[in-house]
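Please read them with the structure open.

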Amino acid sequence: MDYHARYHCKGYEYRWADGVQIKKPIEVSAPKYVEYLMDWIEAQLDDESIFPQKLGAPFPPNFREVVKTIFKRLFRVYAHIYHSHFQKIVSLKEEAHLNTCFKHFILFTCMGIDIGKVLESVIEDSEES
């Protein structure tokens with residue numbers, strides 16, 4: 001288990017490091033971890049060197065690793081919600097929504113889809129049109 005997986009909520013300790021702004025892992029609350037994570041994911045998605053926005057632009061060699069890291073960290077958020085907050089979700093009668101979101105997340109990440117190939121295929125199709 002790497003340093004990102006250490007939590008501090010109901011016996012767990014959360015640590016965050018993005019390798020850029022925060023190089024050495026710092027202890028944070030669960031909500032702060034999620035905030036850092038969402039900001040980090042947004043920065044990754046906005047970075048055109050990782051997610052090119054121009055047709056025909058190549059994806060970087062580390063594209064798959066970046067996406068795997070995003071998915072791994074998002075999975076931890078789902079795990080935390082289910083482990084620490086599911087009873088509250090049930091009391092709000094929102095478990096169907098959470099379960100549907102999680103199901104889509106799992107199906108998308110675990111079906112072995114090569115996202116780079118899918119995106120390249122979409123780009124190629126749009127260039128032919």
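1. Phe105 counts as buried because its relative accessibility is 11%, under the 20% limit for that class. The residue belongs to helix α3. Bear in mind that this is a predicted model, and that this applies to every point below.

2. What does Phe105 touch, once neighbours within four places in sequence are left aside? Its contacts are Phe71, Leu74, Phe75 and Tyr78. One of these, Leu74, is 31 residues from Phe105 in sequence, while the two C-alpha atoms are 9.0 Å apart in space.

3. Those contacts are part of the packing of α2 with α3. The axes of the two helices come within 11 Å and cross at roughly 160°. An angle over 145 degrees counts as roughly antiparallel, and α2 and α3 are therefore roughly antiparallel to each other. The crossing in which α2 passes α3 is left-handed.

4. On the α2 side, the residues that meet α3 are Phe71, Leu74, Phe75, Tyr78, Ile81, Tyr82, Phe86, Ile89 and Val90. On the α3 side, they are Glu95, Leu98, Asn99, Cys101, Phe102, Phe105, Ile106, Phe108 and Thr109.

5. With a relative accessible area of 24%, Tyr82 is partly exposed. Not counting residues up to four places away in sequence, Tyr82 touches Leu98, Asn99 and Phe102. Tyr82 and Leu98 are 16 residues apart in sequence, and their C-alpha atoms are 9.0 Å apart.

6. The loop between α2 and α3 contains Lys93. Is this residue buried or exposed? Lys93 is exposed, with a relative accessible area of 70%. Its phi is near 60°, a positive value in a residue other than glycine. Most residues other than glycine have a negative phi. I would ask that the text mention this residue.

7. From α1, the contact involves Ala30, Tyr33, Val34, Leu37, Met38, Trp40, Ile41 and Gln44. From α2, it involves Val66, Thr69, Ile70, Arg73, Leu74, Arg76, Val77 and His80. Leu74 of α2 is in this list and also among the α2 residues that meet α3.

8. Next, the nonpolar core. The largest one has 23 residues, and those with the most contacts inside it are Trp16, Leu37 and Ile70. At least two core residues come from each of β1 (14–16), α1 (30–46), α2 (63–91) and α3 (95–110). Which element gives the largest share of this core? That element is α2, with nine residues. As general background, nonpolar side chains in soluble globular proteins tend to be buried together.

9. Some overall values for the record. The chain has four helices and two strands, in the order β-β-α-α-α-α along the sequence. It has 129 residues, of which 31% count as buried. The accessible surface comes to about 8800 Å², and 59% of that belongs to carbon and sulfur atoms.

10. One last value concerns contacts across the sequence. Among contacts between residues at least 6 apart in sequence, 43% join residues at least 24 apart. The pair Phe105 and Leu74, 31 residues apart and in contact, is an example of such a link.

Notes:
Residues numbered from 1 in each chain as written. Predicted model: local features only at pLDDT ≥ 70, side-chain atom pairs only at ≥ 80, totals over all residues. Heavy atoms only, no water. Core = buried A, V, L, I, M, F, W, Y, C linked by side-chain atoms within 4.5 Å. Buried < 20%, exposed > 50% of the residue type's maximum accessible area, 1.4 Å probe, protein only. Contact = heavy atoms within 4.5 Å. Areas by Shrake-Rupley, 256 points an atom, 1.4 Å probe, with all protein chains shown as cover. Axes fitted to C-alpha atoms, helices over the stretch in contact; angles between N-to-C directions. Parallel < 35°, antiparallel > 145°, perpendicular 65-115°, else oblique. Left-handed = near helix turned anticlockwise from the far one by under 90°.
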